[in-house]
Amino acid sequence: MDWASIFIHDTTWAFASEILLRCMVMYIMIILFLRLTGKRGVRQLSIFEVAIILALGSIAGDPMFTEDIPLIQAVIVMSVIIIMYRMTTWLMMKYQWFEDLLEGKPIYIVEAGVLVIEEIKKGKMSHDEFFAEMRQQGVEHLGQVRTGLLETDGKFSVLFFSDDDVKPGLPLFPKNCSIVKQVKAEQLYACIYCGQVQSLSKATQPCPRCTFSQWAEAIDGQRIT
Ligand SMILES: [Zn+2]
């Protein structure tokens, strides 16, 4: 193996110092570019913005060390992208349908303590992901949740029932959520697929909402805040 070729190839001191300069210019360009998008940070990126960031990676990276790409070309490309980005966000602000097209709509995942079946069947997020998101917001069981909204950036917004209105619901922490084998008469059970709560005559009874037939004991603890 030719180590000199892998590490150095035909790099000259002159080109190495050119890389230094190219990197410094592009670094300033990237920061300028990100400032011009008007974003405050990268925590809440929609799919459409991630696409732009990915494109930026290549636009900004290649001129740093590619001898035959003059920096002016990168500057032109970045300027065009910035103008298009600003036009797109302007159009999104002006026309709701355009925003929905690019960013998607927030989706109601939980309504009145149960999962919205049509939405979870579309598979935008797995059960585990929903439940993990809700656990991170301090939700112990679905009966505490009045509304759960999946935002377009993948975050979860939760509205809770007031303490008096908390209903029995599907436990979201794994230890409390084991599939029952035998049912007790007075116990309420929650469908582990959709959160439907009811009493059962047998453990393999199909759920009337989703036809799934695995149940866990429902819990009705209030939220501790
Ligand atoms: Zn169900």
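These legends walk through a few close-up views of a predicted model. Residues are numbered from 1 along each chain as its sequence is written, and side-chain values use heavy atoms, with hydrogens and water left out. Because the model is predicted, local features need pLDDT of at least 70 and side-chain atom pairs count only at pLDDT 80 or more, while totals for chains, interfaces and linings use all residues.

**View 1. The two domains.** The protein chain splits into domain 1 (12–101) and domain 2 (107–217), with bounds that come from an automatic or database domain assignment. Their C-alpha centres are 42 Å apart.

**View 2. The zinc site.** Here the zinc ion is held by the SG atoms of C191, C194, C207 and C210, at 2.2 to 2.3 Å (donors are N, O and S atoms within 2.8 Å of the metal, or 3.2 Å for Na, K and Ca). Along the sequence, these donor residues follow the spacing C-x2-C-x12-C-x2-C. The arrangement is tetrahedral because the angles between the four donor atoms run from 100 to 117° (all angles must lie between 85 and 135 degrees). C207 and C210 are both buried (under 20% relative accessible area, 1.4 Å probe, protein chains only).

**View 3. The largest nonpolar core.** Look for 21 residues, among which I109, F130, M134 and F156 have the most contacts inside the core (buried Ala, Val, Leu, Ile, Met, Phe, Trp, Tyr and Cys residues joined through side-chain atoms within 4.5 Å). Two or more residues come from each of β1 (107–111), α7 (127–136), β3 (145–150) and β4 (156–160) (DSSP runs numbered from the N terminus: helices H or I, at least four residues; strands E, at least two).

**View 4. The second core.** A separate core of 15 residues includes M29, L56, M64 and I82.

Note on methods. Tetrahedral: all angles 85-135°; square planar, octahedral: opposite > 155°, others 65-115°. Buried < 20%, exposed > 50% of the residue type's maximum accessible area, 1.4 Å probe, protein only.
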